[in-house]
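Please find below a colleague's note on the structure under review.

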Amino acid sequence: MSGTLLEQTRAFHEEIERLERCIVQELQGETKSHKERLHQNHRVNNMRHAILDATGKLVEIYEDKDHAREDEIAALGGQGVGQNYFTSFYERFKEVREYHRRHPNAREGVTADDPEEYLKEEPYIDFSGEEAYGRYLDLHELYNQFLNSKFGQPIEYSAFLEEFSQTHKISRGVKLTKQYQDYLKSLTNYLLSFFERTQPLQDIDKIFAKVDAEFEERWNAGTVQGWEDKGVGTDQASTRGQPLIDIEDYDNVEELLELGPDRLKEALAALGLKTGGTPQQRAERLLLTKGVALEDLDRKHFPKGYQTPIMKKSEKEIAQHVAASKAVALAEVKLQRLCELLQEAVEETKSHVEKKQALTYEEMEAEREEEEVAQESESEDDEQAIYNPLKLPMGWDGKPIPYWLYKLHGLGQEFKCEICGNYSYWGRRAFERHFKEWRHQHGMRCLGIPNTKNFHEITSIKDAKALWERIQERQGVNKWRPDLEEEYEDLDGNVYNKKTYSDLQRQGLI
């Protein structure tokens, strides 16, 4: 209403209460799809930010640094010079009437931004096509950056999804280079952006604060994976005392070439030397280390920006080196924490990529069309039926399953079981499984027939009864008949069957 501080204070408190009620109302609603859950979380997050903004304004008003609130309260009490209670009242009354004259449609207690409008909005969330509205990660750009880097390896995209979080496998010799730090920063920023878009209600600042505190303890204790030496060393084989090849056993380049290019590359990497070039150049470079300390080698044999642990450095350079290593290690720990939080999305992305590699073009197109139809149906009202012209079964997410999966499991085949009351089972798998389920077992009990493996694939009541009669007849030939086969012996040693013995005993002859 009016622009007085007290009225603004009341309006902010009312807005906060209404936003809280709207949040409760929003969270009580059921969501049927991934998109609806995502929109619900973003709406709640927007209302949460609105509450924080209103709370911040209230704090400023209550702090009253310019004493405007104190003066306004004093004026209401008629404590100003030449004022009294009635004068203050009529001035306020005139102000209210003037406000409503200028705004005839204004309603008391309703602000310009109605909190209930948050419940009606559909938040805009920027996702790429590959991300499928937050279901999968889109790391193709970072994958290309990894392939074109000095520390990258020629691996498939599916393998990259397995290894991108395992930064401890990357050589320490390149972790202080600008190329690696730019890659690490880009990867972390993308995962952070994806996390904020898919899980807006999570407090990432609080999570990272906890990571920082735990990192300090682990760094001081030397337990950070890949940085156990706190950045003083260079790699997994950080000293000359643990070479992969005993260079003293080789006298010339020809002997080293017999080891093969891969062994030479591993030996050079263990010593922190360049690993590129032809096998001849690798062998020559490795032979240079025979009887020579690493700090005495020409710096051109080391990667750019690389420093060995035993090179002579000043205390200032050592401190800068350790500080830079600590910063990189902290960035890697934060990256690993984000990967843990997004573990489900990473696994879904792996499965999605592997499935796409196994699909033909026609199957991919059919699935894409199904996804488009499903997205269109999600945008419609809940009362409207889901568009499903092929009558496909519903999946776990309430949407029709892909057509290729429908054909794969043969769900178009109908199997009827008379024993189950002519119930229909769709697909061979469901039909075979139903023989052990309660419906078929109940039908067999009603017929007085045991539900054994002999009756598997039998769905007709007539066939089941005929089979049961044959089984009984076959069992009757070999059946144990105690009246005829159970034997008894009298005092004289004569042997009788049970029936004869009972008859003679009743007659008193035995």
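This is a predicted model: local features need pLDDT of at least 70, side-chain atom pairs count only at pLDDT 80 or more; totals for chains, interfaces and linings use all residues.

The note moves from the overall picture to individual side-chain pairs.

1. The protein has 510 residues, 33% of which count as buried. Its secondary structure amounts to 20 helices and four strands.

2. Aromatic pairs. The structure contains 18 aromatic pairs. One of them consists of Phe455 and Trp468: the ring centres are 6.4 Å apart and the planes stand at 50°, so the pair is classed as tilted. Phe455 belongs to the loop between helix H17 (438-447) and helix H18 (461-477), whereas Trp468 belongs to helix H18, so the pair ties together parts that are 13 residues apart in sequence. The two partners may also be described by their accessibility. Phe455 is buried, at a relative accessible area of 2%, while Trp468 is partly exposed, at 22%.

3. Aromatic cluster. Eight residues are to be noted together here: Tyr143, Phe146, Phe151, Tyr157, Phe160, Phe164, Tyr180 and Tyr183 form one aromatic cluster.

4. Charges over rings. Two cases deserve a remark. The charged end of Lys334 sits over the ring of Phe208, at 5.2 Å from the ring centre. The charged end of Arg439 sits over the ring of Tyr423, at 3.9 Å from the ring centre. Both values may be set against the distance limit, which asks for NZ of Lys or CZ of Arg within 6 Å of the ring centre.

5. Nonpolar surface patch. Which residues form a nonpolar patch on the surface? They are Phe86, Phe89, Tyr90 and Phe93, which together have about 500 Å² of accessible area. Of these, Phe86 is found in helix H4, which spans residues 85-102. Phe86 counts as exposed, with 63% relative accessibility.

6. Salt bridges. Glu63 is partly exposed, at 47% relative accessibility, and Lys65 is exposed, at 70%.

7. A salt bridge between helices. The side chains of Glu216 and Lys326 meet in a salt bridge with an N to O distance of 3.2 Å. Glu216 lies in helix H8 (residues 204-221) and Lys326 in helix H12, so this pair ties together parts that are 110 residues apart in sequence. Both ends count as partly exposed: Glu216 has 34% relative accessibility, and Lys326 has 26%.

8. A salt bridge within a helix. The side chains of Asp503 and Arg506 meet in a salt bridge at 2.3 Å, N to O. How many residues apart are Asp503 and Arg506 in helix H20? They are three residues apart in that helix (residues 498-506), so about one helical turn separates them. Asp503 is partly exposed, at 30% relative accessibility, whereas Arg506 is exposed, with a relative accessible area of 64%.

9. Salt-bridge network. Glu98, Arg101 and Arg102 are linked in a network of salt bridges.

10. Approaches between positions separated in sequence. Gly291 is placed in the loop between helix H11 (279-287) and helix H12 (315-341), and this residue is exposed, with a relative accessible area of 70%. The C-alpha atoms of Gly291 and Glu248 are separated by 7.8 Å, although the two residues are 43 residues apart along the chain. Gln8, in helix H1 (residues 5-28), is partly exposed at 29% relative accessibility. Gln8 and Ile61 are 53 residues apart in sequence, with a C-alpha to C-alpha separation of 9.0 Å.

Notes
Residues are numbered from 1 along each chain as its sequence is written. Side-chain values use heavy atoms; hydrogens and water are left out. Rings of Phe, Tyr and Trp (its six-membered ring) pair if their centres lie within 6.5 Å; planes under 30 degrees apart count as stacked, over 60 as edge-to-face and the rest as tilted. Helices (H or I, at least four residues) and strands (E, at least two) are DSSP runs, numbered from the N terminus. Buried means under 20% relative accessible area, exposed over 50%, partly exposed in between (1.4 Å probe, protein chains only). A charge sits over a ring if NZ of Lys or CZ of Arg is within 6 Å of the ring centre and within 35 degrees of the ring normal. Patches are made of residues with over 30% relative accessible area and no salt bridge: like charges are joined within 9 Å, nonpolar side chains (Val, Leu, Ile, Met, Phe, Trp, Tyr) within 5 Å. Accessible areas come from the Shrake-Rupley method with a 1.4 Å probe; for residues, only the protein chains shown count as cover. A salt bridge is a side-chain nitrogen of Lys or Arg within 4 Å of a carboxyl oxygen of Asp or Glu.
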